[in-house]
Amino acid sequence: MPEAKPAKDEAKPAPEESAPEEAPPAEAPPESPKEAPSAEQSPTAPEPPGVFLKKPESVSVENGKDVMVTAKVNGKELPGKPSIKWFKGKWLELGIKSGARFSFKETHDSANNVYEVELHIGKVVLGDRGDYRLEIKAKDFCDSCSFNIDVEATQDSSGPVLEEFKRTGEGKSEDAGELDFSGLLKKREVVEQEKEKEKKKKKDDDDLGIPPEIWELLKGAKKSEYEKIAFQYGITDLRGMLKRLKKAKVEVKKSEAFTKKLDPAYQVDRGQKIKLVVEISDPDLPLKWFKNGQEIKPGSKYVFENVGKKRILTINKCTLADDAAYEVAVGDEKCFTELFVREPPVLIVTPLEDQQVFVGDRVEMAVEVSEEGAQVMWMKDGVEMTKEDSYKARYRFKKDGKRHILIFSEVTLEDAGRFKVMTNGGQCEADLIVEVKQLEVLQDIADLTVKASDQAVFKCEVSDDKVTGKWFKNGVEVRPSKRIIMTHTGRIHKLVINDVRPEDEGDYTFVPDGYALSLSAKLNFLEIKVEYVPKQEPPKIHLDCTGKTSDNSIVVVAGNKLRLDVAISGEPRPVATWMKGDEVFTAKEGRMRIEERVELERSSLVIESAERADEGRYTIKVTNPSGEDVASIYVRVVDVPDPPEAVRVTSVGEDWAILVWEPPKYDGGQPVTGYLLERKKKGSQRWMKLNFEVFTDTTYEATKMIEGVLYEMRVFAVNAIGVSQPSVNSKPFMPIAPTSEPRHLTVEDVTDTTTTLKWRPPDRIGAGGIDGYLVEYCLEDSEEWVPANTEPVERCGFTVKDLPTGARIIFRVVGVNIAGRSEPASLAQPVTIREIVEQPKIRLPRHLRQTFIRKVGEPINLVIPFQGKPRPQVVWTKGGAPVDASRVNVRTSDTDTVFFVRQAARSDSGEYGLTVQIENMKDTATVRIRVVEKAGPPVNVTVKEVWGTNALVEWQPPKDDGNSEVTGYFIQKADKKTMEWFNVYEHNRQTHCTVSDLIVGNEYFFRVYSENICGLSESPGVSKDPARILKTGISWKPPEYKEHDFRMAPKFLTPLLDRVVVAGYTAALNCAVRGHPKPKVVWMKNKMEIREDPKYLMTNYQGILTLNIRRPSPFDGGTYTCLAVNELGEALAECKLEVRVPQ
């Protein structure tokens, strides 16, 4: 027992000590995960300090437990909203595993502009061990931070060790038997061996920060593939990698059971099938497949196949549950792999829509995605909504196929906000506006005056058909009875009192439930006294109309029912006649009709659903034998106003828009008190109110919109009668902010009357893009800005013309898009409008600094840039005389000159001079042109000597070398019998050759082609006399000669030349050496021998020595030496190499 504890305590800190030393392969150059790279160490541009307020920390977790890693990012240091991704190693993005065991969370503190991100891994397994990386991207900015997750296997240290302490005697008492100390010692040895293996593995992984699997890949790769592998896996220390590979012994461990193992990892899309293939050495060996340590049984999901020595596991219809570690076992040997099931990107098919509801309503916010069963994240005002919080917040989630629904059973004011749905393939937003329901009274209760035994009906209408209420009489609740009936039909509430009695008189009130509102009216009981008047009475009209104004006017709302109920008196009963102007009404039925109630001595004109045309003066005339009476009533019909006109958006911003409109032409007979506004997203059918109190002005600023989304708006007019119909929708518009100011405004050129400006696009352009730029200028002592261009220019440069010479002018540039003008970018200092004299300078291209070679018939097109102001005079000469205009075409612009020959001829070869002159200043350059063609045939091809089966053939160089050096000769032979030509030698440099292996008894002809840079000559030189190969029996005694001594000390035929090269472009140093025996060649830099360095490539081809320097930098400049040594002496050649960085 005591011995086991220190072993565990020592083994446990090992991952924590090794983790900081490991350099993640995803980053270059390698660095410690605890320290952010400084600006001096950055290989690119210096990065802003303090991007990571809190870096992810390396953690150690036990197998099967959950782990969470957090980090904080400073949004103030970023140019825009960041894109945050998690990686395992260098290439595996964890976003494809979202929804299985991996989940991500991102919150934004808008007050401090801080982003907090979290990575959750549930029930970690040993395969989760390794290096991880958090990457932050925002526009051109990119940064990352690495950390390590170490997974420890669950160990019960006491169990296995205690088992070894059991007595050896079985079936005996506890006192019998002996302690098994040998078993305990064996267990300790096994534990120590496992610890040593783990330390060795971590040591290999710590070396240069390169994991062991990449070392194994490098050991088995070709040398030519080292650089490709290093670039792929982010290895920057190439020299250290090559040194270690040189020391390492390549040990190829061959598996006895497997001839082909599983790949380290596989990836498959969800719903697809995948095949895992291994190849075993013996087809009779038993094989088993395992998933996360559990043996796999064949079935419809897992299909086993045997094809020869191949064993195939097919997994059909992969799901996230198949994302696991797989292994295959053949006897004691195993091979492992990991399968990643990638979730396809979930796209949003139908986005959320804005909703405007009342407190207590049921709300369903639905979104449709492209995949069934996809994982979506709901967020409210930037905070994730989870099922754990749904019980407190009274909401729930529902999935219906591809539709995901957020349901509020009874919405409250706290539920209002901006909701967002996020998937791994997109997101959408919508606003939920919750209002307190306002109850509107559409028809109030009217006072009633009724007679005994009549029916009294109190009627009111409210805006909500679900509202209930109570009726009160003089403050006491009215109870229903046989005589008193209370009804509720839709929005109409009625109180009906049958057989009215004197005790029913009083104040009646209707109180809606849940609202601080009451509607009151009075019931008057009318007692009728009948008196007999025997004498006749002239007719009389008694006007008593509710709603009348001065001059007997009555106002009625359009659409309502109008009853002109006029009491008349007279004996005998008078006859009533109704007229409107000269039109007499007699109809007893219809929309406009006459009703006579004799018992009540009343005459009524009833107009159903009053219209604007019904407005006017109505006259009632009553007559009887005693006389007549006339009265007039003016009926004024009022209505809701017409819709507003000319609704349009005049300007927009990042999240706002200005809407203007014209008042309605017809106000409905009542003054317009204000306007109501609504908006919706284009394509949606759901309108949102923008104001709840009437807005009196005709210009409104709408806010809280999403930039880049198309909206439509409409306006309602409101008067005392009600709300008009909606106006015509405004044209669709998009909230767009102006761009930021253009960057890096500079002056490119100035003349006596013009100035050329250039700049860079703005940092922030936004969803509206940019239409172009406007350039303005003003004199130094003036404040009046003059536009230089009326239409925006699209390119980032402009020449302002017609400027006063000698004036000092300030320039500025603004970006323009649909949202308007951006902030201006101005020059810090005024510009003096005066031509700047610039000395002429020829910028001769690199390929023209050497002899320019072209073949006969090819075009010659040379473009040579130059500089100088004012425009210089350009002159081409050849041999001191102007070029022939019939052969050469010269075109010159302000910045370059073009030398063009349509078809080159040999006569075009030579040195051409280029002169660029401004007044007494000039610059010259020389261009050497050589026009070449194929050489002529060799001459005097003869067979000099024949011996045995050999023949010596000699010839002389061609008379015409084609204006190019003859690089070799091409020799062929032909038997005199067949005259079929066969190749003998190619690229023969000498003017003679020995042809061997000729057939005895035959005669041979020989022909020779000359070869230069253009290829073989058109015709060959042919030997006149054949070479006869004599038959056996004829002896030939060769002449005696003294053997020539070919030995010689090394001698450089072509020395090294000083070179000036450009950094980043491969350079080559060339020289030629002769010596026999073949000399040994040593290259040195600054007197130090260049050994096996991948930056340098040394070749020796037939005495031509070349040193290739791959992508030189300024540090590769210096003195290079080539030393040739053999037994007779040595020779030395030196040159200086200068590496320049392009400006």
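Student: Is L413 buried, partly exposed or exposed?
Tutor: This is a predicted model. In it, L413 is partly exposed, because its relative accessibility is 46%, and the buried class needs under 20% while the exposed class needs over 50%.

Student: Where does L413 lie?
Tutor: In the loop between β25 (403–408) and β26 (417–423).

Student: Which residues make a nonpolar surface patch with L413?
Tutor: V359 and V436. With L413, they make a patch of about 240 Å².

Student: Zooming out, how many helices and strands are in the protein chain?
Tutor: Eight helices and 88 strands. The chain has 1143 residues, and 38% of them are buried.

Student: Switching to rings. How many aromatic pairs does a search of the whole structure find?
Tutor: It finds 18. One of them joins F695 and Y700, whose ring centres are 5.1 Å apart.

Student: Why is the pair of F695 and Y700 called edge-to-face?
Tutor: Their planes sit at 85°, so the pair is edge-to-face; the cut-off is over 60 degrees.

Student: Are those two buried or partly exposed?
Tutor: F695 is partly exposed at 24% relative accessibility. Y700 is buried at 15%.

Student: Which residues do ring pairs link into a cluster?
Tutor: W378, Y395, F397, F408 and F419.

Student: Which ring does the charged end of R133 sit over?
Tutor: The ring of F87, 4.6 Å from its centre. The charged end of R846 sits over the ring of Y1065, 5.8 Å from its centre.

How values were computed:
Residues are numbered from 1 along each chain as its sequence is written. This is a predicted model: local features need pLDDT of at least 70, side-chain atom pairs count only at pLDDT 80 or more; totals for chains, interfaces and linings use all residues. Side-chain values use heavy atoms; hydrogens and water are left out. Helices (H or I, at least four residues) and strands (E, at least two) are DSSP runs, numbered from the N terminus. Buried means under 20% relative accessible area, exposed over 50%, partly exposed in between (1.4 Å probe, protein chains only). Patches are made of residues with over 30% relative accessible area and no salt bridge: like charges are joined within 9 Å, nonpolar side chains (Val, Leu, Ile, Met, Phe, Trp, Tyr) within 5 Å. Accessible areas come from the Shrake-Rupley method with a 1.4 Å probe; for residues, only the protein chains shown count as cover. A salt bridge is a side-chain nitrogen of Lys or Arg within 4 Å of a carboxyl oxygen of Asp or Glu. Rings of Phe, Tyr and Trp (its six-membered ring) pair if their centres lie within 6.5 Å; planes under 30 degrees apart count as stacked, over 60 as edge-to-face and the rest as tilted. A charge sits over a ring if NZ of Lys or CZ of Arg is within 6 Å of the ring centre and within 35 degrees of the ring normal.
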